[in-house]
Amino acid sequence: MLTELPTRGFSFELLATLGNARAGILHTPRGDIETPVFMPVGTAGTVKAMTADELRAPPLDAKIILGNTYHLYLRPGLEVMGAAGGLHKFAAWDRPILTDSGGFQVFSLAGINEIDDDGVTFRSHIDGSKHRLTPEVSMEIQRVLGSDIAMVFDQCPPGDAPADVQEVALARTTAWAKRSLAAPHATGQAVFGIVQGGTDLERRKRHLGEITALGFDGHALGGLAVGESVEETYRVLDEVAHLLPADRPRYLMGVGTPQDLERGIAAGIDMFDCVMPTRNARNGYLFAAGGRVNIPNAANRLDLGPIDPTCPCSTCRTHSRAYLRHLYQAKEILYARLATLHNLTFYALHVRRLRERILAEGQRA
Ligand SMILES: [Zn+2]
């Protein structure tokens, strides 16, 4: 079943379903994205330690990566991004890019001066300089970046915020979603709406109704895995994800572990991003079929086997745990490259295997 999305050149093809889980293809002007998909995070215009060629090469074969509006706006800034002709040319990445709106970073990283109904005034985490982000400014930055999928500017309050704070943030996020959609976009740039509402199911479902009525190309669940328990995250996923419109891509923002991805897919999510595989790699935590490997452990000192004997990545085909542990201990920069390639490959193959299962055991859509 193929659905043309509101933005020209984008369509979503649902191939099979297994319970609430779905396998499909998001067709974009810059190429097809098989879903479910895990999107590596390229915060500052780079998926840390990886070249574009390494991201594109099988078996990793990343079809889409993320860029961060907040980070790229502060550094290198819009003058450089505009002169470079956008993020694709600047970073030499020719496949799709999704940019977040900067909302989450403003609320989590920056020093907040003031939040009002119009937008947010904040201080840069880099140099303390003062800036203002509104839905229109966020969309303008994403227009200059030229991402394939832009996210609306939203307010993500802390998970434990009182009900009145949650309600104000929710009303604002709906108003900002409308303003984001009305603001100018780059040609061929799809826009996704974001459903907030914390862990309160009534609030979540109410906001889902407000956001999905606006005509976005796709929908995201935001404000999950922001401090609530894993059980609460899964409860919201199970109750809410399948209520998002079935004919559009569904994106779970910033979550999570391999287990979270499996649960998200079972609940009906199509797209994921998280810094976990890249950040954990640099910190010595590697994912493997047999469980997590803490590479600094003394047990790896003389272990001449690969991180994961079932992994087809070049790190596992070429190098031993002992060598990686040595590189880590010696703070050699090659460590970060080898470890990141492995963790991203693990995530890509994990999601691809789940996709294959939906196609093999599910019903044709
Ligand atoms: Zn590997």
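This is a predicted model: local features need pLDDT of at least 70, side-chain atom pairs count only at pLDDT 80 or more; totals for chains, interfaces and linings use all residues.
1. Residues are numbered from 1 along each chain as its sequence is written, and side-chain values use heavy atoms, with hydrogens and water left out.

2. Thr7 sits in the loop between strand 1 (2-4) and strand 2 (11-18); strands are DSSP runs of E, at least two residues, numbered from the N terminus. With 16% relative accessibility, Thr7 counts as buried (under 20% relative accessible area, 1.4 Å probe, protein chains only). The side chains of Thr7 and Asp217 are joined by a polar contact of 2.7 Å (a pair of N or O atoms within 3.5 Å, one able to donate a hydrogen and the other to accept it; residues adjacent in sequence count only if both atoms are side-chain atoms).

3. Do look at the open sheet of three strands, ordered 9-10-11 with antiparallel pairing (strands pair if DSSP finds at least two bridges between them). Strand 9 (111-115) and strand 11 (130-133) stand at the edges with a single partner strand each, so one side of each is left without a neighbour in the sheet.

4. Within that sheet, four bridges join strand 9 to strand 10 (residues 120-123), and the two run antiparallel. Glu114 stands opposite Thr121 in strand 10.

Key. Buried means under 20% relative accessible area, exposed over 50%, partly exposed in between (1.4 Å probe, protein chains only).
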